[in-house]
Amino acid sequence: MEPGVLLQRVGAGDELAWEAFVRQHQGRIFGLAYHYLGHAEDARELAQEAFVQIYRNRHSLPDDSGLVPWMLCITRNLCMDLFRRRKARPPTWDIPVEELGHLAAPDGDPEQQLHDQSRKELVHRALRELTDLNREMILLKDIQGLTLDEIAGLLGIPLGTAKSRSNRARLELAEKLLARGACP
Amino acid sequence: MSRLPSSLPDLTASILARTSGPTCGRLRALACDLVDGALPPDDRDLAHRHLEHCPDCRSLVSRLEAASEVLLAFAQLEPGAEFTAAVLSRTRLAPPFPAPPQDRLLVGWARLMRRPRAALEAAYLATAAGLILSQVPLPGTQHPVGSALVSRVRTESRASLAGASSRVQAWTTRAKAANPIRLSHHRNSVWSARWSRLIRRIGQAWLDLSNAARKTRVRFWRQPPTSTSAPAEPSGSASRSAL
């Protein structure tokens, strides 16, 4: 089904379309929430809340190109609200890297899977060493694939600032990988 | 004298060291765009030429490329088997759609009007609108509405004040003619009447006392008063002798 048609049917109140919509986007919403919160159960709860908010606004969903940034914006705002209530960000993530790799690994050659697993583990550990600001930029641009325009709108910063922050974050990540002496 | 470089890369490095310095900083600034394929052809060509001879920058760029590839795999995480069912059950319990936009406008307007400051704001807006409109010239004249209004108010208020003043003066004259003391000196006249009455009573009491003292003296000393001295005797000496 075309994404536009699915959105129309969601907006019209089709329950089956809504279920398909949830299954299509739940991995991305949960992934963003988990990378912000660092706690799987909190991320699940928050992702559910994000879908409830999306459902409440389903009669005015953005078009297909603006849908993902809009949903990510809702999820991020919920994360920021949670941080404000807790007055602190969590220090570490609770899902082991092995589990992360297993959850997202495609089916294929076991040797290739092992190689992919080690690469992900390496990058994931380097990612955990970044500052919150740089990790957020990596999360929004390189993981979720938002454009710099979308990130600038989401964070409320100028486009040039978003670009320089993104470049700085990527270079910091590459330097962390260099310091580990291995190439993923 | 400095030692001659043994090879071409060493020569390049020594020339750069004596001119612009190492160019790795410039490559770092372009590295992300190079990996993303967003560099103009000339810059890309120059960056590749630098990378051929700089192993450090090559390592940096290779790690940027690898990280970009791996990071995409972190975009979607499986939230668990129960997640979809939990979302569907929560959205089934969610409140129905909010009102359509037209109704929401009406609801928002009603909510705005219910605010306590709405009357104050309306009065402020009405005053501001009146002031602005008063400065608009009347059609066919150079004078604004405001000046005509102000001059009319001034003329009518002067006439009204003059009429009121003459009426008050007439009332005052009539009242003075009818009862001048009560009207103009009512409070003073009351007090002065009381005072004079008190003085009269004191004088009367003094005379009664002096008469009693004279009768007593006549009765006990049996000296008939002379016909000339009694009326001429001052009241002060009589009272002193009586006391």
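**View 1. Burial and fold of chain B in the predicted model.** Of the 243 residues of chain B, 9% count as buried, a residue being buried if 20 or more other C-beta atoms, placed from the backbone, lie within 10 Å of its own. Chain B contains 11 helices and 0 strands, in the order α-α-α-α-α-α-α-α-α-α-α along the sequence. Helices (H or I, at least four residues) and strands (E, at least two) are DSSP runs, numbered from the N terminus. Among contacts in chain B between residues at least 6 apart in sequence, 39% join residues at least 24 apart; two residues are in contact if their C-beta atoms, placed from the backbone, lie within 7 Å. Residues are numbered from 1 along each chain as its sequence is written, and chains are lettered from A in the order in which they are written. In this predicted model, local features need pLDDT of at least 70, side-chain atom pairs count only at pLDDT 80 or more, and totals for chains, interfaces and linings use all residues.

**View 2. The contact between chains A and B.** Chain A contributes 38 residues and chain B 30 residues. On the side of chain A that touches chain B, the largest share, 10 residues, comes from H2(A).

**View 3. Confidence along chain B.** Among the elements of chain B, helix H3 (residues 41-53) has the highest mean pLDDT (90) and helix H11 (residues 235-242) the lowest (41). Residues 227-243 of chain B have pLDDT below 50; beyond near neighbours in sequence, this stretch has 13 contacts in the model.

Conventions. Buried ≥ 20, exposed ≤ 12 C-beta atoms within 10 Å, placed from the backbone. pLDDT = per-residue confidence, 0-100.
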